[in-house]
Amino acid sequence: MRISVIGCGYLGAVHAACMAKLGHEVVGIELDESKAKALASAEAPFFEPGLDDLLQDVQQTARLTFTSDIARASGSHVHFICVGTPQKKGENGADLTYVHEAVRALIPYLSPGDVLVGKSTVPVGTAAGLARLVADHVPGVHVVWNPEFLREGHAIQDTLQPDRFVYGVADGSEDNVAVTILDKVYETPLADGTVRLVVDLPTAELVKTAANSFLATKISFINAMAELCDAAGADVTQLADAIGLDERIGRKFLQAGIGFGGGCLPKDIRAFMARAGELGADQALTFLREVDAINMRRRTRVVELTRELCVDGLLGKRITVLGAAFKPDSDDVRDSPSLSIAAQLQLQGAVVTVTDPKALANASRRFPELQYEPELDQALRNADAVLLLTEWSEYRDLDPYVVKDLVTEPRILDGRNVLDSAKWRTAGWQYRGLGRP
Ligand code: UDX
């Protein structure tokens with residue numbers, strides 16, 4: 001099929017490459033010319049494991065091109081909207097400017113019978129509004145909402161072999177012609193057994209925000225338990241193992257630590273609350289305010305613990321922060337808890353050095369006042385305290401004996417509860433976890 005993908009960021013670039021991998025003829029449209037050029041030369045403008053290889057692989061087939069010219073969407077039968085919906089400045093709601101601009105720009109190139117597929121995360125009600133807008137200009141275009149559940153760091157696998165497809169169509173019916181067309185787009189994963197659910201437009205929009213809210217709630221739940229464990233002298237990692245063995249609960253997303261960040265969970269729960277307020281259902285989501293508050297308290301807690309760890313205050317202390325990205329295997333620093341903590345420590349007089357295998361360029365653009373060191377050994381040298389804040393495998397695998405020879409004071413705060421505390425203590429380190437005695 002001929003497909004256009006509008007917006008080639010973390011979501012769209014992967015989606016475009018994966019659609020070409022599935023055998024479709026794809027044009028990726030990205031307004032940022034430098035990003036479009038990089039993608040056209042099979043170079044991902046951000047780090048996502050396997051993406052460079054996938055781009056090279058599919059570009060050899062000539063099925064994938066990238067451009068900044070939206071007119072190239074003309075002739076495609078299916079158009080995916082993959083642009084960002086960031087948090088509005090100074091407000092909780094989602095900023096839909098990019099979605100509206102993308103759809104308006106696309107309208108002149110749509111033909112009756114085309115399918116416009118929204119993948120961006122939007123407040124419930126957006127799709128119906130866009131369907132009316134499109135119908136005013138080009139009758140006979142099907143507007144579908146097909147939310148994306150990909151995780152950064154696993155984006156290719158999550159796109160090619162997702163847990164499920166959700167199709168939101170105007171009448172919520174299996175017989176909708178757009179269902180047949182999307183089934184053709186996803187023919188391979190569907191043949192492999194991926195479940196597909198057909199729902200109406202508002203349900204599809206809500207599925208995405210509900211899923212992200214549930215994940216955020218699960219993380220904040222275990223972080224609230226970490227607060228209690230701290231108060232009671234218990235161990236939250238053992239508690240999570242024990243409750244996680246109950247199949248109804250499950251161990252995934254029960255990793256207590258410095259909390260969630262990134263371009264999705266924080267802004268999505270806020271936009272969800274804002275939208276519920278507009279719909280007169282704000283009470284239904286007031287618990288998300290607490291989820292957000294627990295998450296934010298983690299950052300303050302780490303600053304306090306670092307102060308305790310350093311014994312006589314933060315002023316002038318050399319702190320090494322391991323990890324800048326909001327999670328490992330990503331260079332994304334949007335709302336990164338690690339960088340937020342690093343900045344707070346620096347403001348309180350510590351001398352902070354941040355290291356990360358992939359995210360330093362993005363981090364230094366966002367927080368130019370921090371000091372960055374790409375070499376791990378160099379970053380660790382002469383530290384008064386080490387903070388593991390993003391659990392890249394190279395940090396999880398550090399040898400406490402080797403690192404001890406580099407630092408000034410063997411003090412470590414394990415912000416993700418991923419280190420073997422006994423091993424580090426035996427090696428002579430003062431070890432602190434979060435919610436661990
Ligand atoms: C999330 C959703 O998982 C995905 O389905 C959706 O499409 C986009 O938002 P992503 O933002 O890539 O994906 O990251 P995710 O793996 O969900 O992690 C989010 C944050 O939660 C990270 O900062 C991570 O470190 C943190 N986290 C995750 C925890 O603190 N504890 C956990 O147990 C799990």
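Residues are numbered from 1 along each chain as its sequence is written. In this predicted model local features need pLDDT of at least 70 and side-chain atom pairs count only at pLDDT 80 or more, while totals for chains, interfaces and linings use all residues, and side-chain values use heavy atoms, with hydrogens and water left out.

Reader: Which residue has a polar backbone atom 2.8 Å from an oxygen atom of the ligand?
Author: Polar contacts are pairs of N or O atoms within 3.5 Å. A backbone N or O atom of Gln255 lies 2.9 Å from a ligand oxygen, and a polar backbone atom of Leu254 is 3.4 Å from one. The residue at 2.8 Å is Glu152.

Reader: Which helix gives the most residues to the lining of the largest cavity?
Author: A cavity is a set of points on a 1 Å grid over the protein atoms alone where a 1.4 Å probe fits but cannot get out, and its lining residues have an atom within 4 Å of a point. About 50 Å³ of space lies in the largest cavity, and Lys267, Asp268 and Ala271 are among its lining residues. With three residues, the leading contributor among helices (DSSP runs of H or I, at least four residues) is helix 11 (residues 265-278).

Key. On a 1 Å grid over the protein atoms alone, a cavity is a set of points where a 1.4 Å probe fits but cannot get out, and a pocket is an open set with protein on both sides within 12 Å along at least five of seven lines; lining residues have an atom within 4 Å of a point. Grid points are joined across faces, edges and corners, and a volume is the space filled by probe spheres set on the points. Helices (H or I, at least four residues) and strands (E, at least two) are DSSP runs, numbered from the N terminus. A polar contact is a pair of N or O atoms within 3.5 Å; within protein, one must be able to donate a hydrogen and the other to accept it, and residues adjacent in sequence count only if both atoms are side-chain atoms.
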